[in-house]
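This report describes one protein structure for a reader who has not seen it before. The sequence and the structure come first, and the description follows.

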Amino acid sequence: MKKHHLALFFLLFLGQTSPVYSQIGTFYSTDKELSNSLINTIYQDRRNYIWIATEDGLNKYDGVKFTTYKSVAGNPKTLKNNYVRTLFEDSSGRFWIGCINGLMLYDRAEDTFEEVKILKNGV
């Protein structure tokens with residue numbers, strides 16, 4: 001019986017002296033980081049960036065900071081529309097962005113976007 005009491009005492013003592021670590025959570029909001037709280041898609045690409053498609057822009061999180069991409073009138077190298085519906089990375093590593101009114105391809109080297117023309121009825 002004394003062995004059980006000694007083992008229990010040892011376990012309790014060990015539990016009291018060992019440090020306990022917990023996870024630290026971070027809350028991201030539209031106040032600083034996100035362009036909009038209406039999120040359509042969250043996607044992690046092969047480079048471990050987190051992409052967040054919202055109804056008011058595209059957000060990229062690199063683990064430290066957010067970069068927000070939005071449409072700029074007259075600039076064809078930006079998003080076609082701020083309403084981003086879906087995200088996809090193909091097997092070649094190309095990153096596709098589906099806006100409400102068109103399809104975009106992200107150029108990683110230039111950090112820009114290119115519209116993908118979609119033909120209707122062969123035109």
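## Sheets, core and aromatic residues

In this predicted model, strands in the order β5-β6-β7-β8 make up an open sheet of 4 strands with antiparallel pairing. Its edge strands, which pair on one side only, are β5 (84-89) and β8 (112-116). From one strand to the next, the twist averages 30 degrees. Within this sheet, β7 (residues 102-107) pairs with β8 in the antiparallel sense over 5 bridges. L103 is placed opposite V116 in β8.

A further open sheet is formed by 4 strands in the order β1-β2-β3-β4, and its pairing is antiparallel. Here the edge strands are β1 (39-44) and β4, each of which pairs on one side only. The twist in this sheet averages 20 degrees from one strand to the next. Strands of a sheet pair through backbone hydrogen bonds, either parallel or antiparallel.

| Strand pair | Sense | Bridges |
|---|---|---|
| β2 and β3 | antiparallel | 5 bridges |
| β3 (residues 57-61) and β4 (residues 66-69) | antiparallel | 4 bridges |
| β7 (residues 102-107) and β8 | antiparallel | 5 bridges |

Strands β3 and β4 form a hairpin, with 4 residues between them. In the turn, G63 has a positive phi of about 100 degrees. L58 has Y69 as its bridge partner in β4, and L58 is itself the bridge partner, in β3, of A53.

As a whole, the protein has 1 helix and 8 strands. Read from the N terminus, the order of elements is α-β-β-β-β-β-β-β-β. The protein has 123 residues, of which 29% count as buried. Among contacts between residues at least 6 apart in sequence, 34% join residues at least 24 apart.

What is found in the largest nonpolar core? This core has 13 residues, and those with the most contacts inside it are L58, L79, V84, L87, I97 and F113. At least two residues of the core come from each of β2 (50-54), β5, β6 (95-99) and β7. The largest share, 3 residues, is supplied by β6. In soluble globular proteins, nonpolar side chains tend to be buried together.

Which residues does L58 touch, leaving aside those up to four places away in sequence? They are W51, I52, A53, T67, T68, Y69, L79, V84, L87, I97 and F113.

The aromatic residues can be described next. The whole structure contains 8 aromatic pairs. In one of them, the ring centres of W51 and Y106 are 5.2 Å apart and the planes stand at 70 degrees, so this pair is edge-to-face. W51 belongs to strand β2 and Y106 to strand β7, so the pair ties together parts that are 55 residues apart in sequence. Both W51 and Y106 are buried. One aromatic cluster is formed by Y43, W51, Y69, F95, Y106 and F113.

Technical notes. Residues are numbered from 1 along each chain as its sequence is written. This is a predicted model: local features need pLDDT of at least 70, side-chain atom pairs count only at pLDDT 80 or more; totals for chains, interfaces and linings use all residues. Side-chain values use heavy atoms; hydrogens and water are left out. Two strands pair if DSSP finds at least two bridges between them. Axes are lines fitted to C-alpha atoms, for helices over the stretch in contact, and angles run from 0 to 180 degrees between N-to-C directions. A nonpolar core is a set of buried Ala, Val, Leu, Ile, Met, Phe, Trp, Tyr and Cys residues joined through side-chain atoms within 4.5 Å. Buried means under 20% relative accessible area, exposed over 50%, partly exposed in between (1.4 Å probe, protein chains only). Contact means heavy atoms within 4.5 Å. Rings of Phe, Tyr and Trp (its six-membered ring) pair if their centres lie within 6.5 Å; planes under 30 degrees apart count as stacked, over 60 as edge-to-face and the rest as tilted.
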